[in-house]
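Dear colleague,

I am passing on the structure below, and my notes on what was found in it follow directly after. Please read them with the model open beside you.

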Amino acid sequence: MSAPLYQLKAEFFKTLGHPVRIRVLELLSQREHAVSEMLSEIGVEAAHLSQQLAVLRRANLVAPRREGSAVYYSLTNPQVAELLRVARTILSGVLTGQAELLADLQAAEPDTAPKRRRSAPQ
């Protein structure tokens with residue numbers, strides 16, 4: 001019996017659950033990138049980037065291509081870029097709502113900061 005769809009979705013989102021993987025996918029949403037380009041853009045050790053790319057390859061989200069000694073990566077499906085755009089839109093709305101809530105809380109809060117005492121003249 002195959003895994004339920006919700007379980008497969010959870011595994012998919014777990015794959016996306018790492019900042020380096022998200023950054024790689026964001027870069028590849030723009031265009032194909034060489035590993036050396038991604039290293040300079042992301043700023044992690046080569047071994048760490050390689051490990052994260054392997055996770056994305058196993059999930060079939062990225063595909064490598066060799067050209068001489070260089071390895072280039074691209075997205076296997078352009079809908080990954082759309083998913084990242086949708087996530088950005090959702091987060092923007094959430095953060096906007098949180099900023100508005102914070103502003104409301106700050107406006108309603110009486111000044112509770114401790115007052116500074118003046119020192120007596122000497």
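F12 counts as partly exposed, at 31% relative accessibility, where partly exposed lies between buried (under 20% relative accessible area) and exposed (over 50%), with a 1.4 Å probe and protein chains only. F13 is partly exposed as well, with a relative accessible area of 48%.

This is a predicted model, in which local features need pLDDT of at least 70 and side-chain atom pairs count only at pLDDT 80 or more, while totals for chains, interfaces and linings use all residues. Residues are numbered from 1 along each chain as its sequence is written, and side-chain values use heavy atoms, with hydrogens and water left out.

A search of the whole structure finds 1 aromatic pair, and this pair is edge-to-face, formed by F12 and F13 at 5.4 Å centre to centre with 75° between the planes (ring centres of Phe, Tyr or the six-membered ring of Trp within 6.5 Å; planes under 30 degrees apart are stacked, over 60 edge-to-face, the rest tilted).

Elsewhere, the charged end of R65 sits over the ring of Y72, 4.7 Å from the ring centre (NZ of Lys or CZ of Arg within 6 Å of the centre and within 35 degrees of the ring normal).

With kind regards
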